[in-house]
Structure formats: C-alpha cells, structure tokens
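Subject: Structure for you to look at

Hello,

Here is the structure I promised to pass on. Please open it first, then read my notes below.

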Amino acid sequence: MTQQAAALQTYNNELVKCIEDLHSKREELSRQIKHEEEEKDRLQHDIRVLSEKLSRINESLAQRLTARTSLDRTIAETEAAYSKILESSQSLLSILKQEAGDLSKATEPRRKEY
C-alpha cells in the first residue's frame, strides 16, 4: 500500500499543481480582461468626445458654407449691377460727346462762301 499511497500522493500533487496553473492562467486572463475593459472605456469616451466635436464642426461648417454662398450671391449681384452702371455711364458719355460736338458745330461761326 505504500506504493499506492506514493502514487496517490503523486497524483494529488500533480492535480494540485494543475489546479494552481489554472488559477494562475485565470488571474492572468482576468488582468488582461480588466486592461481591455479599461481601454474600451477610454476609447468609448474618446469616441463620445470626438463625435461631439465632429457635430459642432459640422454645424459650424454648414453655417460658414451658407454665409459663403450668400456672399457669392451678393458679389455676383453687385458685379452685375456695377457692370450695368458702367455700360450706362459709357452710353451717357457717348451721347454727351456727340451732343457737345453737335453744339460746337452749331455755335461755330459760319464761313462765308464766296
């Protein structure tokens, strides 16, 4: 029976060692899980912060694009009106020059023709 007791003790020792190894593996796995859960929480927080920032930037960008479109329209309308003013000024200047020429011809002393 001593031999059986020795074998039983050996099996017991191996069994205890296997259980201890399993506990060690479980503890290591628990540390890894905790680490990944902390990283997950940090990443979720970062995503939340970045999502809020993205939302604010999108709103600001939309407002700025609307303002730029409005300015583009105002610039185009102003340039078109200015172009019409220039055309009118040129026409008026031509008419005035023509009338001034006609007036100067009318006021010139007539030459006597012999």
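Below is what I found, from the overall form down to single side chains.

Keep in mind that this is a predicted model.

Overall form

The chain has 1 helix and 0 strands. That helix, H1, covers residues 2–107. The C-alpha atoms fill a box of roughly 170 × 25 × 10 Å along the principal axes. The radius of gyration is 48 Å, whereas a compact globule of 114 residues would have one near 13 Å.

Surface

How much of the chain counts as buried? The figure is 0% of the 114 residues. The accessible surface comes to about 11300 Å². Carbon and sulfur atoms account for 57% of that surface.

Charges

The chain carries 19 positive and 21 negative charges. Their mean positions lie 9 Å apart. There is a patch of negative charge on the surface, made up of Glu36, Glu37, Glu38 and Asp41. Asp41 sits in helix H1. Its relative accessibility is 47%, so Asp41 counts as partly exposed. Glu27 is in helix H1 too, and at 48% relative accessibility Glu27 is partly exposed.

Salt bridges

Side chains of opposite charge can pair when their charged atoms come close. A search of the whole structure gives 4 salt bridges. Here are some of them.

- Asp21 pairs with Lys17, with the closest N and O atoms 3.3 Å apart. The two are 4 residues apart in helix H1, so about one helical turn separates them. Asp21 is partly exposed, at 35% relative accessibility.
- Arg42 pairs with Glu39, at 3.9 Å from N to O. These two are 3 residues apart in helix H1, which again puts about one helical turn between Arg42 and Glu39.
- Arg42 also pairs with Asp46, the closest N and O atoms being 3.4 Å apart. Here the separation is 4 residues in helix H1, or about one helical turn.

Which residues are linked in a network of salt bridges? They are Glu39, Arg42 and Asp46. Each member is partly exposed: Arg42 has 44% relative accessibility, Glu39 has 34% and Asp46 has 30%.

Best wishes

Definitions and conventions: Residues numbered from 1 in each chain as written. Predicted model: local features only at pLDDT ≥ 70, side-chain atom pairs only at ≥ 80, totals over all residues. Heavy atoms only, no water. Rg over C-alpha atoms; globule rule 2.2 N^0.38 Å. Buried < 20%, exposed > 50% of the residue type's maximum accessible area, 1.4 Å probe, protein only. Areas by Shrake-Rupley, 256 points an atom, 1.4 Å probe, with all protein chains shown as cover. Lys, Arg positive; Asp, Glu negative; His and termini not counted. Charge placed at Lys NZ, Arg CZ, Asp CG, Glu CD. Patch = residues over 30% accessible without salt bridge, like charges linked within 9 Å, V, L, I, M, F, W, Y side chains within 5 Å. Salt bridge = Lys/Arg side-chain N within 4 Å of Asp/Glu carboxyl O.
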